[in-house]
Amino acid sequence: MKKIEAIIRKTKFEEVKKGLHNIGIDYLSFWDVRGVGKSVEERVYRGVIYDTSSIERTLISFIVRDKYVDNCIVSIRENAFTGEIGDGRIFVYNVEDAYRIRTGDSGDRSLYDEE
Amino acid sequence: MEETLTLNTLQAAVTETGHSIDIVWVLIATALVMFMQPGFAMAEAGFTRSKNTANILMKNLVDFAVGSIAFFLIGYALMFGTDIGGLIGKLPFMEDIRPDIDLSFLMFQTVFAATAATIVSGAVAERTEFKAYILFSIVTTAIVYPISGHWIWGGGWLSDLGFHDFAGSTVVHSVGAWMGLVGAAIIGPRIGKYNGKVNAIPGHNLTFAALGVFILWFGWFGFNAGSQLAANGTANTVAISHIFLTTNLSGAAGTLAALVISWIRYKRPTLSLSLNGSLAGLVAITAGCDIVSPESAIIIGLIAGTALVFGVEFIDKVLRIDDPVGAVTVHGINGALGTILVGFFAKEGGVFYGGGFSLLGVQVLGVVAVAAWALGTAFIIFKVLKVTVGLRVSARIEEEGLDIYEHGEKAYH
């Protein structure tokens with residue numbers, strides 16, 4: 001099992017979600033996050049020009065069986081891509097184990113319904 | 001027994017009807033001006049941070065409540081009682097009241113007094129001790145505002161000189177703003193506003209700010225046109241309509257001037273300053289809305305909107321006085337400017353209409369005298385409050401927000 005996390009543009013969330021759905025990833029968590037970085041946006045408020053220090057992105061996170069990882073990465077890259085600086089990152093982590101609370105199923109079996 | 005209809009009774013009935021129309025108009029205008037209170041509340045809440053929203057709403061609510069009672073008990077008499085030496089009116093006032101006219105007039109003047117007080121809350125927002133603000137509101141509406149008001153509207157020395165401030169650019173707006181200026185300077189800037197450089201502290205909700213400005217604009221029709229105090233007969237309806245027109249044109253021109261100037265200076269059209277521009281135009285036309293032409297009203301609005309952008313910058317970046325909502329520029333600088341511009345644009349007596357410089361001189365004198373009065377008294381009041389109840393909340397409270405620490409409740413959950 002792998003955990004896949006991706007930081008993507010907020011505007012790309014719907015496309016990424018749809019893309020993952022198309023390859024069978026129906027469950028994922030997401031947060032609106034703010035980060036700091038080199039790219040800042042200039043704003044004006046009541047005559048004072050200032051830089052926003054925070055950059056707004058969406059963080060998505062989900063766990064998949066190993067065999068899906070490559071497809072997921074391809075899909076996210078496709079759908080989150082604009083070509084401009086700031087498209088984001090994808091991180092892949094090993095997951096030691098997982099349990100489904102209701103049934104007690106563990107490992108890969110906890111991730112999908114009985115087929 | 002039924003009275004016979006004669007020309008005399010008929011004339012009496014017509015007169016009485018006209019009188020009723022006047023009073024109804026004054027009361028409608030009173031309600032419109034009262035509605036400026038939520039306008040101020042929304043504008044100030046929008047231009048400040050969400051952690052202080054309950055506090056700023058509370059101040060706007062309380063200064064109206066406190067001001068209404070203080071003005072009824074003391075202020076009205078000082079302002080409109082029988083004149084003593086051109087400086088103040090005589091207490092008590094009840095004996096002088098004519099029940100028919102004066103109660104509607106009292107109500108109309110009450111909502112004006114409350115407007116002057118509420119301007120201050122914006123200038124000192126986000127850091128001022130609530131107790132101190134209540135005490136300040138009482139003294140302002142009971143004493144400070146009525147005395148300078150008496151000079152101009154109550155038969156005092158400035159009105160004798162021919163000073164013209166039709167609806168209160170100076171009487172109401174400048175007085176509030178100059179007091180706010182002193183308050184903001186003595187209380188000091190919000191934490192983080194000036195640390196080596198000038199920082200922006202964006203307000204939390206421009207939707208509220210915009211709504212507030214629209215409400216104020218709406219209420220301004222009562223503020224200016226209501227000051228005619230009469231609506232019966234052609235002369236009055238023409239005057240009121242004229243005032244509606246000049247008021248609206250100046251507000252519109254103020255908006256556009258602030259929009260264009262800020263667009264040029266900051267490379268984009270900024271809403272936060274354009275909203276202030278609307279108010280700047282409205283404040284500036286208030287003094288002369290009855291005696292300037294519609295074309296002049298546009299010019300006055302354009303001047304006001306321009307002055308607004310530079311005024312905000314000057315107070316923020318040069319004087320480094322932290323006025324979160326721009327109250328000092330909107331009401332003070334533009335109140336003074338609008339009053340002085342009457343000396344140029346008045347169709348009778350204005351410099352541009354061949355009237356010479358005497359009216360202009362009186363206008364300048366009035367602006368300076370009222371500014372000196374408001375700045376001086378505010379200095380004393382704020383200094384006294386500082387050593388007695390304290391003016392400023394602690395740094396910890398300011399950082400966490402006045403809502404939780406001062407009031408124990410938040411505006412948002």
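Start in chain A. Select helix α2(A), residues 69–79, which lies across β1, β5 (55–64) and β6 of chain A. Helix α2(A) runs at about 5° to β1(A). Bear in mind throughout that this is a predicted model.

**Stop 1: the sheet under the helix**

Now show the strands. What is the order of the open sheet in chain A? Its 4 strands follow the order β2-β5-β1-β6, with antiparallel pairing. The edge strands are β2 (29–35) and β6 (88–94) of chain A, and each pairs on one side only. On average, neighbouring strands are turned by 20° against each other, direction ignored.

Select β1(A), residues 2–8, next. On one side, 7 bridges join β1(A) to β6(A), and the two strands run antiparallel. Check two places along this pair. A:Lys3 has A:Tyr93 in β6(A) as its bridge partner. A:Ile7 stands opposite A:Arg89, also in β6(A).

Then turn to the pairing of β1(A) with β5(A). Those strands pair in the antiparallel sense over 7 bridges. Here, pick A:Ile8, which stands opposite A:Thr58 in β5(A). Show side chains if you like. In a regular strand they alternate between the two faces of the sheet.

**Stop 2: a hairpin in chain A**

Select β3(A), residues 41–45, and β4(A), residues 48–52. The strands run antiparallel, joined by 5 bridges. One pair to highlight is A:Glu41 with its bridge partner A:Thr52 in β4(A). β3(A) and β4(A) form a hairpin with 2 residues between them. In the turn, click A:Arg46: its phi is positive, about 45°.

**Stop 3: where the chains meet**

**Stop 4: two packed helices in chain B**

Keep α9(B) and α10(B) on screen. They pack at an angle of about 140°, with their axes 7 Å apart. α9(B) passes α10(B) in a right-handed crossing. For a closer look, select residues from both sides of this contact. From α9(B), they include B:Thr247, B:Gly251, B:Gly254 and B:Ala258. From α10(B), they include B:Ser274, B:Gly277, B:Gly281 and B:Ala284. Which kinds of residue make up the contact of α9(B) with α10(B)? They divide into 10 nonpolar, 12 polar and no charged.

B:Lys267 is not a glycine, although its phi is positive, about 70°. Is B:Lys267 buried or exposed? It is exposed, because 11 other C-beta atoms lie within 10 Å.

Then go to the loop between α8 (206–225) and α9 of chain B and find B:Leu229. B:Leu229 also has a positive phi, about 60°, and is not a glycine. B:Leu229 has 15 C-beta neighbours inside 10 Å, so it counts as partly exposed.

**Stop 5: the cores**

Select B:Val175, B:Trp178, B:Leu181, B:Ala280, B:Ile300, B:Leu337 and B:Leu341. These have the most contacts inside the largest nonpolar core, which has 124 residues. Centre on B:Val175. Not counting residues up to four places away in sequence, it touches B:Ala116, B:Tyr145, B:Ser148, B:Val370 and B:Ala374. Then return to chain A for A:Ala6, A:Val16, A:Leu20 and A:Ala80. They are among the 11 residues of a second, separate core.

**Stop 6: an enclosed helix and an exposed residue**

Select α2(B), residues 36–46. This helix is largely enclosed by the rest of the structure, because 10 of its 11 residues are buried. The buried residues include B:Phe40, B:Met42 and B:Glu44.

Finish in α1(B), residues 7–34, at B:Val14. B:Val14 counts as exposed because it has 11 C-beta neighbours inside 10 Å. Draw a distance from B:Val14 to B:Leu73. These two are 59 residues apart in sequence and 35 Å apart in space, C-alpha to C-alpha.

Conventions. Residues numbered from 1 in each chain as written. Chains lettered and ligands numbered in written order. Predicted model: local features only at pLDDT ≥ 70, side-chain atom pairs only at ≥ 80, totals over all residues. Pairing = 2+ DSSP bridges. Buried ≥ 20, exposed ≤ 12 C-beta atoms within 10 Å, placed from the backbone. Axes fitted to C-alpha atoms, helices over the stretch in contact; angles between N-to-C directions. Contact = placed C-beta atoms within 7 Å. Core = buried A, V, L, I, M, F, W, Y, C linked by C-beta atoms within 7 Å. Left-handed = near helix turned anticlockwise from the far one by under 90°. Nonpolar A, V, L, I, M, F, W, Y, C, P; charged D, E, K, R; others polar.
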